Structures are given as C-alpha cells and as structure tokens.
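The entries follow in the order I took them.

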Amino acid sequence: MNEVLSRLQELLFPSVPGVAVVAVRTEGEAIRVEARCTPIGAACPDCSYWTERVHSSYLRFPADLPAAGRSAQLVLRVRRFFCTARACGRRTFVEQVPGLTRRHGRVTERLRQTMGAIGLALAGRAGARLARLMGIATSRTTLLRRVMDLPDPTATRPRAVGVDDFALRRGHVYGTVVIDAETHQVLDLLPERDAATLAPWLAAHPEIEVICRDRAGAYAEAADTAAPQALQVADRFHLWQNLATAVEKTVAAHRTCLRDLPPSNPEPEPVWETPAEANSGQNDEEEDPTGRFAERARAHHALVHELLEQGMGIRHIARHLGWGRHTVQRYARAARWQDMVKGRKRQLPSKLDPFKPYLAQRWAEADGKVTVFDLYREITARGFRGHYSTVRDWARRDLPRPEGFAPAPPPPSVRQVTGWLTRHPATLTEGDKLHRKAVLDRCPELASAAELTSSFAEMLTTLSGTRLPEWITEATDANLPGISSFATGLHSDFEAVTAGLTTDWNSGPVEGAVNRIKMLKRQMFGRAGFTLLRKRVLLA
C-alpha cells in the first residue's frame, strides 16, 4: 500500500517536495486526493525563525488541476505553529507548501499558472470556454485577474530600440510601442504618442544608442530631449511613403498634361496566336452565361434533375439538400440551366424612360454629333430629375454610333500615373510602360519628377545616403509642387534621414509588433483597457 501511495505521490506531485499522499478516492465524477505536509517544522513568515512547536491543524481544500479527465479535489492537512521568537510579534502561523499553496489562496499554484497561461493566450471569453472543456471551473473575469497577477518580464538594457504608434481607438486615441530593434521583443507600451510620454522612458534608459522611428515630430522631439546620445534613424518605408504622396501632388498639379494623350500603338498580335474561331462567323445561338452564379446554377440544376430522375419528390429533395422547397421547385421547372440565369435579369423602371424617344430622335437628327451633356441639359429643362450618369450610361449602351466612330480612351487618372512613376519598372506591364512613356514625352515636368523618384529609389535600395544633399538641391531647383516641398522638409530631419539611407536599421520589426497588437485587440473585441492590453503584449 505504501508503495502505491508513493507512486501516486510521484505522479500527482512530481515537483512539490514536502507533501505525502495519504489516500486517493473517487467520489462520483471527481477524484479526492488526501495529503499532508511532511516537514517537522516551519519558518515564521515575519522573522524567519524555525520552529517545530505545533499549535493545531486543519484541512484546506484548494482547487487543483483535473486528473485523468476528472475534476480533482485536494484535501490538504496543514499545521499551525507557534512562533517562539520573543522579538517577533506574530504568535502563530500556518505552514505553506512552496509550489502548491499560498496564503489565502483557494487554488493550487499550478492551477493558477495554468489559468494565467490560458488567459494570456485567449483572453477572457475564449479562455473560459477552453477551460470548461479542460474541466477547469472558472470565469472570464477570473482568467483576466490571473493574467494581471503575472509579473512583468525582467527589464533589459537595449542598445537599439524601435518606436511607433498604434491605435487604441482608431482616429481618437493612440499609444506608443517600444521594441528592442535587435531581438524584436516588445519592451513597453505607453498610453500616449506624444513627446511628454516617450521622453521619461528614454531618459530611464541611457544605454540606448539607436532609435528607429517614423518621421513624426513628437518622437524626434522626445529623442532630442531625453536621448541626445542616440542616433536617430528615419524609417525607409515611411520616407518612400512620403515621397509617393509628394509625387501624387506633383501629378495632380500637372493633370492637364494627361488629356489628349497620343494613343499607344502596341505591337499587333501574331497571326499564329489568333484563335481560328475569332475570324469565323458569329454563332447564331446565344452564348451560355458565364460567371460564378452561372456555374452554381449549372451544378444545382443538374443535381436537382438527377434526383428527380431517381424518383425523389420536391419536398424530399428540399429536405435532402437543406434548401427551400420553392428553390427546388424553380430548378425542377426550368428545362435548361441557362433559364435560371437569364430569369434573374429584369428591366426595372427608370426615370429616363419617358425621355428616351426624345433622346433617340435628337441623336438621329444631329447624326450623332451632339454631346451627351447637351442632351442631358435639354431633358433637364423638360422635367428630367435624374443624374447625368444615368443619361451617359444609357447613351453609351443603347444609342447607335456613326460609321467609323471610335470613342476616345479616358485619360489616365492621377493615381495611375503616380503608380507608373513610383513602382519598380520591372513590375509594370507592357501597356503601362507605353502609357508611362507617352505621359513623360508630353509633360517635361513629370519627366523630371520620374527622374528624381528613380534617383531617390536608388539611394534607398543601395543605402547610398551620402548623395542626399545633391538630390535635395536638384529636387528644390526643379520647383515641382509636392516633390520640392518634400525635399525642403528633409532639412529639418536631415541627420535621421541620412542615417536611414546609409544604415541597415529600420522600423520593420516595429510594424510587426503593431500587427500583433491589432490581433490581440481584436481577440479581446476591442473592449479591453490599456493595462490588460499592455500585460498581454509584454508577455505574449
């Protein structure tokens, strides 16, 4: 029997010395484990004086981890000792089992650690659901309390840090995240994103040598004030983002150059790549509908008719497929699956219907040489209360075109041209390259902007920031709205920008930490306070 209890003690309390298992019983769906403390004495918690004089004993019932899929009830007999030290003000005290119990604790330490780990990984509600499946009786608020009871990670002495902001409430409240730029470990979360919040933290870490940041003025001010010894590095991604915004302003200021561009002449398609069916006559029958709904209609129509051929009724098919009876009925009545697709299109009445005969007559009288906007003004005077786009779309779709008429292609948008100038040439299609060349040939200002953008991209990718003063001079002399302002603004942050274009430090790990913070926020449904969020981020 003693050998069995010794084996059970090794299984139930493998890392807890000073506990002996007395008995193990099953009570319904629970396991009752009776144990006692084995040391002959204990040290006073106030004066640490060792004593072996027992006052009394009693039973404690701390909740423990489930065992073999059953809830465990730990019955632990503990003793109360006299403190015989004359100088100590405590008369009696109760012994504690290190690693198993604590004063006023109603759960064992291993159950407390397990609940803390669950709450740290899944937060409150999801953690409570998992704990219930594991046989741990707890609530979401208890799990969150266990997370808050966990100690913060030990402080480190970082050599390089990354700083960025994150949204506590997007558009309203923002905080600051600080990470170790070498180990990518989150060091701290601050409740604001201003210089007054970051400066004390930096001042408490004089060992910092490098600060990676975006181009926010608040972080630059905090670094200048509290960490003058540190090298500030402006992130390259944010520099390129600022330049792309400046290029968009330049393109917008010269959008008149984008009109009436000469058409690009792509190479004709080789004859051997032209399908033979393209030159054949048109098929008299209508083409089958295409698209996602058409494919689904084809499969559903075939399934319903296959079940009908097997002798199943409409109601039976509906129950079998989990569909509505009327849905199955529509597929059963349709002779072809194409009818299910075509039946969806219905011509709804339009405000333009009473004016269509007049528009068609005016178009025929003018032989197609009247603008759609003139037609819109005429019917507006006659009582039309719709939008111009309604008339434009109907005219493009239904009005006949004169012989040889080819509508002019719309000019490229500002966003499109900005993409042509800021994207890597290898990522552009052949059509984009032709359009880009036509724009640059027509507008010398945009050609200058493209050259400045390419030279800055070369500096950024090759880390040749020593050419930055020359680039700033060229961009300023070009007098381009947007790019020239961007170049002038680099003077105020010149050292940090130069460091960003010459060193390997960047804020990429900080952006990864911000993404993890977003994940933890969504996991807590956005209702957690800053204190709990900070605890989970630091211990994640």
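Before the first entry I wrote down the cut-offs: buried means under 20% relative accessible area, exposed means over 50%, and partly exposed lies in between. I also noted that this is a predicted model.

Entry one, a nonpolar patch. I looked up which residues make the nonpolar surface patch of about 310 Å². They are Leu130, Leu133 and Met134. I then placed Leu130 and found this residue in helix H3, which covers residues 125-134. Is Leu130 buried, partly exposed or exposed? Its relative accessibility is 33%, so Leu130 counts as partly exposed.

I found a patch of negative charge on the surface, where Glu451, Glu470, Glu474 and Asp477 gather. Which helix gives the most to this negative patch? I noted helix H18, residues 468-478, which gives 3 residues. Glu451 lies in helix H17, residues 444-462. I checked the accessibility of Glu451 too: the value is 60%, so Glu451 counts as exposed.

What lies 2.7 Å from a polar atom of the Thr422 side chain? I wrote down the backbone oxygen of Thr418.

Note on methods
Residues numbered from 1 in each chain as written. Predicted model: local features only at pLDDT ≥ 70, side-chain atom pairs only at ≥ 80, totals over all residues. Heavy atoms only, no water. Patch = residues over 30% accessible without salt bridge, like charges linked within 9 Å, V, L, I, M, F, W, Y side chains within 5 Å. Areas by Shrake-Rupley, 256 points an atom, 1.4 Å probe, with all protein chains shown as cover. Salt bridge = Lys/Arg side-chain N within 4 Å of Asp/Glu carboxyl O. Helix = DSSP H or I, 4+ residues; strand = E, 2+ residues; numbered from the N terminus. Buried < 20%, exposed > 50% of the residue type's maximum accessible area, 1.4 Å probe, protein only. Lys, Arg positive; Asp, Glu negative; His and termini not counted. Charge placed at Lys NZ, Arg CZ, Asp CG, Glu CD. Polar contact = N/O pair within 3.5 Å; in protein donor to acceptor, adjacent residues only side chain to side chain.
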